[in-house]
Structure formats: structure tokens, C-alpha cells
Amino acid sequence: SIEPVILQGNQSFNSIELKNDELSIEKNGNNAFSYDRVYDKDLVERYLSHYKKLALFQPEEAYEYLDENYKNNNFENVNNYVAYINENRTNIANIFIDHFEKTKEYGKTVFRCTDTKGKMFTITEETTMQYRISFN
């Protein structure tokens, strides 16, 4: 178990003695680690699914995932975006990726996607699960 240590006076952390010399943890069903390969197709679908769920159920938060230029050019504010989402719920729920292209631009990964209806959109990944989306 882990117990808190209270330092006395000018005692340093380096002076703390470990009471347990066991430094390894036995592998069991509760602490195993597996490596999962994430393919680009899975990642793009995950981003789109995440965005769609937010757009349909938490549009104020989805608004924050919009590309700044797209956001500023299409919606003056979050209220206009929420109104747009409410008017287009069925269309948003039915966006599915048909194909995409992956490029690197300015150190970011850009996925240019086409949905099953031929409409295009772009997902720009800044870091894992930090992305911006825009629709053409």
C-alpha cells in the first residue's frame, strides 16, 4: 500500500527510506497492457463519430471543434451554430466516410474526406484527439 510521508523540518525527499524493496508487479488479468494498432481509417471514423455525437447532443461543445475559419465564415456565434444543428440533425446523423486522403501540412495531419453522398469535409489533427473539422 501507499502511505503519505510527512517531512520533518528541512528533511528532503531524498532522505526518505523505502519500506518495501519489492519493485516489480506481477502480471495478472487486472494490470496487463496491450498494444493496439490504430489505423488511419479507424482514427478518421473515430473523429467523425466523436464530432457527430457532440453536434447532436452537446452542440455548444462541438462548436469548439470547428475550424476557426469555417466557424467564423459560417456562424457568427454558437447560437447560430446550435440553430443550424437543430435544423440539420438527420443529415448530420447520416454522415459516413466513403474515402479520405491523408497529408501533412505545417506539422499537422490533414484528412480530406468525402462522405457517402459525395460531400467533402476536412479533419485537421493537431495531436491525438485534438482536431478541428470543417465542411465544404
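Tutor: Two strands are taken as a pair if DSSP finds at least two bridges between them. Keep that in mind for the sheet. The model is a predicted one.

Student: In what order do the strands of the open sheet stand, and how do they pair?

Tutor: The sheet is open and has four strands, in the order β1-β2-β3-β4, and the pairing is antiparallel. β1 and β4 are the edge strands: each has a single partner strand, so one side of each lacks a neighbour in the sheet. Direction ignored, neighbouring strands of this sheet are turned by 20° against each other on average.

Student: Over how many bridges do β3 and β4 pair?

Tutor: Six bridges join β3 and β4, in the antiparallel sense.

Student: Is tyrosine 106 buried or exposed?

Tutor: Use the cut-offs: under 20% relative accessible area is buried, and over 50% is exposed. Tyrosine 106 has 84% relative accessibility, so it counts as exposed.

Student: Which loop holds methionine 129?

Tutor: Methionine 129 sits in the loop between β3 (120–127) and β4 (130–135). Methionine 129 is not a glycine either, yet has a positive phi of about 60°. Its relative accessibility is 28%, so it counts as partly exposed.

Student: Let us turn to the helices. How do I check the length of α1?

Tutor: The expected span is 1.5 Å times one less than the number of residues in the helix. For the 18 residues of α1 this gives 26 Å, and the end C-alpha atoms are 26 Å apart, which agrees.

Student: Which residues of α1 are buried?

Tutor: They are Leu43, Val44, Tyr47, Leu48, Tyr51, Lys52, Leu54, Ala55 and Leu56.

Student: Which residues does tyrosine 81 touch?

Tutor: Leaving out residues up to four places away in sequence, tyrosine 81 touches Tyr51, Ala55, Pro59, Ala62, Tyr63, Leu66 and Phe75.

Student: Next, charged side chains. How many salt bridges are there?

Tutor: The rule asks for a side-chain nitrogen of Lys or Arg within 4 Å of a carboxyl oxygen of Asp or Glu. The count comes to five salt bridges. One of them joins glutamate 45 and lysine 41, at 2.7 Å from N to O. Both residues lie in helix α1 (residues 40–57), four residues apart, which is about one turn of the helix.

Student: What is the relative accessible area of glutamate 45, and what is the relative accessibility of lysine 41?

Tutor: Glutamate 45 has 34% and is partly exposed, while lysine 41 has 49% and also counts as partly exposed.

Student: Which residue forms a salt bridge with arginine 132, and which with arginine 112?

Tutor: Arginine 132 is joined to glutamate 126, with the closest N and O atoms 4.0 Å apart. For arginine 112 the partner is glutamate 105, at 3.0 Å from N to O. Arginine 132 is partly exposed at 25%, and glutamate 126 counts as partly exposed at 34%. Arginine 112, at 34%, counts as partly exposed, and glutamate 105 is partly exposed at 28%.

Student: How far from glutamate 105 is asparagine 73, by C-alpha atoms?

Tutor: Those C-alpha atoms are separated by 22 Å, and the two residues are 32 residues apart along the chain. Asparagine 73 belongs to helix α3 (residues 68–74) and is exposed, with a relative accessible area of 66%.

Student: Where is proline 4 found?

Tutor: Proline 4 is in the segment before α1. At 79% relative accessibility, proline 4 counts as exposed. Its C-alpha atom and that of serine 24 are separated by 20 Å, with the residues 20 apart along the chain.

Terms used:
Residues numbered from 1 in each chain as written. Predicted model: local features only at pLDDT ≥ 70, side-chain atom pairs only at ≥ 80, totals over all residues. Heavy atoms only, no water. Helix = DSSP H or I, 4+ residues; strand = E, 2+ residues; numbered from the N terminus. Buried < 20%, exposed > 50% of the residue type's maximum accessible area, 1.4 Å probe, protein only. Axes fitted to C-alpha atoms, helices over the stretch in contact; angles between N-to-C directions. Contact = heavy atoms within 4.5 Å.
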